[in-house]
Amino acid sequence: MPVRDLISSALKGSRRDIGRLLTIVENRTEGYREVMSEVKGARRAFVIGVTGPPGVGKSSLISKISSLLSGEGRVAIIMVDATSPFSGGSLLGNRLRLEEDNVYVRSMATRGSTGGLSLAVGDSIDVLSFLGFSIIILESVGTGQDETDILYYADIILMVLSPGLGDEIQAIKAGQMEIGDFVVLNKYDKPEALVTEKELMEVLSIPDRAKKHELFRVSCVNGYGLDELGDALRDAIKSGVRGDSVKKEKERIRREVEAAILSRDSLLEDLAKSVVEGSISREQAVLKLINSLSDFRNLTS
């Protein structure tokens with residue numbers, strides 16, 4: 001099907017063709033440039049990033065949040081998995097119910113790539129924004145660099161924790177773990193939650209922290225605290241608060257340039273060999289590599 005027809009069908013709400021468009025931009029297959037040219041300039045959706053260690057209930061929380069925010073506009077979820085697009089625990093298990101609530105769910109795998117994930121996530125956000133989704137929830141399932149990359153696309157970040165995570169709390173205290181704008185203590189129905197809450201309060205009250213963080217206590221089992229979290233997110237969406245937009249956009253641009261270079265790894269290796277052999281200079285190799293990025297420049301021309 002021609003790209004224009006895919007876009008037209010997706011704009012009418014076809015989930016199948018929304019998925020096809022996202023597959024094109026994620027894999028950068030035929031039609032990619034045409035898709036990105038069409039979506040260029042669309043008002044960007046408000047992106048809520050959700051991160052945290054495995055097992056803290058991120059997927060269950062996202063399911064609840066998406067229902068709470070469904071009245072604020074069309075909601076889409078991008079779930080990034082560091083290994084496979086077909087795993088993801090309870091969120092994908094709830095996929096049919098979420099879609100009945102008019103929530104679009106997309107899983108995306110890193111496939112072990114380095115850097116390319118940033119491009120896939122950024123392009124997917126642009127496409128979904130163009131298609132009329134005003135709220136996008138971005139779940140980071142992986143760890144390490146990929147997780148850090150993802151959060152630069154979020155306007156507000158939820159760091160989800162749960163009782164019994166002593167090591168993670170200590171990592172926060174030592175400054176080794178990035179804390180979100182909202183810190184969410186999930187599974188607050190558990191007896192040991194009060195101990196974790198005390199530890200978190202100590203960490204969040206450290207005077208030299210660069211910014212203040214709001215702590216929310218929630219339980220997806222009995223619904224405790226979910227309304228308060230939903231109200232805070234609605235306020236952020238309505239106020240248009242998008243964190244440090246310039247800093248984040250600068251980082252997005254830098255990472256997309258890095259990802260574009262890394263996507264040309266075979267060319268980079270050939271250029272390196274030519275420099276070692278003495279057939280070209282390092283400066284010439286750099287210019288050749290820059291010229292190879294013309295596809296990205298053409299998208300904005």
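Okay, quick housekeeping. Residues count from 1 along each chain as its sequence is written, and side-chain values use heavy atoms, with hydrogens and water left out. Since it's a predicted model, local features need pLDDT of at least 70, side-chain atom pairs count only at pLDDT 80 or more, and totals for chains, interfaces and linings use all residues.

So, the cores. By a nonpolar core I mean buried Ala, Val, Leu, Ile, Met, Phe, Trp, Tyr and Cys residues joined through side-chain atoms within 4.5 Å; buried is under 20% relative accessible area, exposed over 50%, partly exposed in between, with a 1.4 Å probe and protein chains only. The largest one has 38 residues, and Phe182 and Leu229 are among those touching the most other members. Helix α11, residues 226-239, gives the most to this core, with six residues. (Helices are DSSP runs of H or I, at least four residues; strands are E, at least two; both numbered from the N terminus.) There's also a second, separate core of 32 residues, including Leu21 and Tyr104.

Now, which aromatic pairs turn up? The whole structure has three, counting Phe, Tyr and Trp rings (six-membered for Trp) with centres within 6.5 Å; planes under 30 degrees apart are stacked, over 60 edge-to-face, the rest tilted. Phe182 and Phe216 sit with centres 5.0 Å apart and planes at 50°, so they're tilted. That pair links strand β6 to strand β7, 34 residues apart. Tyr188 and Tyr224, at 5.4 Å and 20°, are stacked. Tyr188 is buried at 18%, while Tyr224 is partly exposed at 46%.
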